[in-house]
Amino acid sequence: MSDDSATQQGRRRGRHTVRGFGPALLLTVVGALVPGSAFLATGRRRLGAVVVVVFMVLLGAVAYLATTGLRDVIQVAVDSAALRWVVGGIIALAVAWLLVVLIGYALLLPRRTRGWQHVVGAVVVLALCAAVVVPAVWAVRIANAQAELLDSVFADRDSATVTDSPDGADPFGDREEVNFLLLGGDGGEGRDGVRTDTVIVANVQTDTGETTLFSLPRNLQELPFPEDSPLAEVYPDGFYAGSESESLLNAVYRNGPAWYPDVLGPTDDPGADFLKLGVGEALGLQIDYYVLVNLDGFSRLVDALGGIDVNVNYYVPIGGEPTLGILPDDYIEPGPDQHMDGQRALDYARGRFGLTDYQRMDRQRCVISEIVEAADPMTLLSRFQQLAATTQDIVSTDVPQSRLDDLVDLAFKVKDAEIRSVVFDDTVIDPAYPDYDRIRALVQQALGNSSDAPSADTSPGPSTPAESTPAEEDATEDGAAPSPTPSAGATSAAPAEPDPAAEVGDACAYDPAQARAARAEGEPPTRSG
């Protein structure tokens, strides 16, 4: 049968044969880009229309999810069961797309095709199939990595302090705030156990997402516990573990469970529960969840992000042991926007020889802020598997996976809200003899509960030197900030309370004057001289 006879017979049957190899190959490419169009070109109108409509619906769904449906995407991304359905859907869609490409090419290909044309056609079809398979495999791998991350980090573990009901009820109820304990565990090779040198409480207002970070010093002593807690019975005068150095805040996570391993009942992380109860009592807040990041694996997280950029305002020591007088190996010089890999960022966050714990607390908050800044969508997508594997190794938490979708809503509010910070440094409290009533009053003042704020004769100073008044700059010998002094003309009116909270970014900004002064003094001595 000639080509003309075949064409006429195909037309009588409602089918069309494309004349020539070139047009057939072009329509095959178009059919891969717009599934169903190849069927329409060969006269399979009903089949072609169905496939085109399905494709347009899917395209519209993708456009919606990429714009106004971002919240729905994230809620699926925090549900491991839903992610596995997504994996199945991706595989099914990829298989269907491949069949559309292959069948469309077979229908479009002329009967009389030369050998070299078959070769060219096979190469083009294989390229089109690869264009379908490669993104599908990439998406499946990301979805599986996310599901494994959720199942690993947000496993439903035993906790002595999480009281969420499993029936799906509103986790916040009528509560106005949710509190997260953020811990940086400085464990690793050559270190005895885990010491939580970073202790921050993030207070999030559930209606607005406004967040206030409360940073406690690592050397805080006599950590109290709630009266109705079993820990109050074994530590009636605050936390103590045999010596002053082992009784600091950063030793509670390790030493508390070591002394009283079963005092709180069944729990998979007793150290975190000790800290949740103690830090919550110290601040006068109910701590809902904790997140612990092990700084030993922190450098791998920074490397997975491609590094971070930080401002350095003074010489930051690398290594060294201040208690033994061992000098640092080197220093990070002052300078703006310094790009750091994981090890350099870890040195920057840890260094404290010749510096204060409060300066290190500031730098650690800056590093956390820069990690969040570096985690833009494109970076997350391109490095997701490496990031997910790293996160599984260094992060632990008692946030139940069943609550993640509720926390997504809260996170959207936090994203657009103000974040402030209160640092309990030695201008505000004396860590060796902390006044916890004063700390709780300052917390309430920072949260805007003025009725609970301290009176004028006990008000602590602000958290940043930039906000200090002249009277407040003269710290008392024990490290506590003095009371504000009324002006000469004041009689009975109390001075206005300073806002104890400052913008998080203040301590992370580059200070040219401070950097110049540091460079003028020269680099401090190192171990090598």
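Reader: Let us begin with accessibility. Is C129 buried or exposed?

Author: The model is a predicted one. A residue is called buried when its relative accessible area is under 20%. C129 has a relative accessibility of 13%, so C129 counts as buried.

Reader: What share of the chain is buried?

Author: Of the 529 residues in the chain, 44% are buried. The chain holds 19 helices and 11 strands.

Reader: How many disulfides does the structure hold, and which cysteines form a disulfide?

Author: The structure holds 1 disulfide. C366 and C508 form it, with their sulfur atoms 2.1 Å apart. The angle about the S-S bond is -100 degrees, and the link of C366 and C508 is left-handed.

Reader: Are C366 and C508 buried or exposed?

Author: C366 has 4% relative accessibility and therefore counts as buried. C508 is buried as well, with a relative accessible area of 15%.

Reader: Which residues of α13 are buried?

Author: The general idea concerns the turn: an α-helix has 3.6 residues a turn, so residues three or four places apart point the same way. In α13 the buried residues are D357, Y358, R360, M361, R363, Q364, R365, C366, V367, I371 and A374.

Reader: Where does the charged end of an arginine sit over a ring?

Author: The charged end of R71 sits over the ring of F412, 4.5 Å from the ring centre. R363, one of the buried residues of α13, lies over the face of Y348 at 5.7 Å from the ring centre.

Reader: How many aromatic pairs does the whole structure have?

Author: A search of the whole structure finds 9 aromatic pairs. One of them is formed by F225 and F274: their ring centres are 6.4 Å apart and their planes stand at 85 degrees, so the pair is edge-to-face. F225 lies in the loop between β3 (211-216) and α8 (230-234), and F274 in helix α10 (residues 270-283), so the pair ties together parts that are 49 residues apart in sequence. Both F225 and F274 are buried.

Another aromatic pair, Y235 and Y260, is edge-to-face, at 5.5 Å centre to centre and 90 degrees between the planes. Y235 is in the loop between α8 and α9 (252-259) and Y260 in the loop between α9 and α10, so that distant parts of the chain, 25 residues apart, are linked.

Reader: Which residues form the aromatic cluster?

Author: F225, Y235, F239, Y260 and F274 form one aromatic cluster.

Reader: Let us turn to strands. Which strands do bridges join to β1, and how do they run?

Author: Pairing is read from the bridges and the direction of the strands. Strand β1 (residues 177-185) is joined by 9 bridges to strand β2 (residues 196-205), and the two run antiparallel. In β2, A202 is the bridge partner of F180. A further 6 bridges join β1 to strand β4 (residues 289-294), and these two run parallel. In β4, V291 is the bridge partner of L182. Strand β1 is mostly covered, as 7 of its 9 residues are buried.

Reader: What surrounds T196, leaving aside its neighbours within four places in sequence?

Author: T196 is found in strand β2. At 0% relative accessibility, T196 counts as buried. With those neighbours left aside, T196 is in contact with L183, G184, G185, L249, N250, Y253, L275 and L292.

Reader: What share of the contacts with a separation of 6 or more joins residues 24 or more positions apart?

Author: Such residues account for 73% of those contacts in the chain.

Definitions and conventions:
Residues are numbered from 1 along each chain as its sequence is written. This is a predicted model: local features need pLDDT of at least 70, side-chain atom pairs count only at pLDDT 80 or more; totals for chains, interfaces and linings use all residues. Side-chain values use heavy atoms; hydrogens and water are left out. Buried means under 20% relative accessible area, exposed over 50%, partly exposed in between (1.4 Å probe, protein chains only). Helices (H or I, at least four residues) and strands (E, at least two) are DSSP runs, numbered from the N terminus. A disulfide is a pair of cysteine sulfur atoms within 2.5 Å. Rings of Phe, Tyr and Trp (its six-membered ring) pair if their centres lie within 6.5 Å; planes under 30 degrees apart count as stacked, over 60 as edge-to-face and the rest as tilted. A charge sits over a ring if NZ of Lys or CZ of Arg is within 6 Å of the ring centre and within 35 degrees of the ring normal. Two strands pair if DSSP finds at least two bridges between them. Contact means heavy atoms within 4.5 Å.
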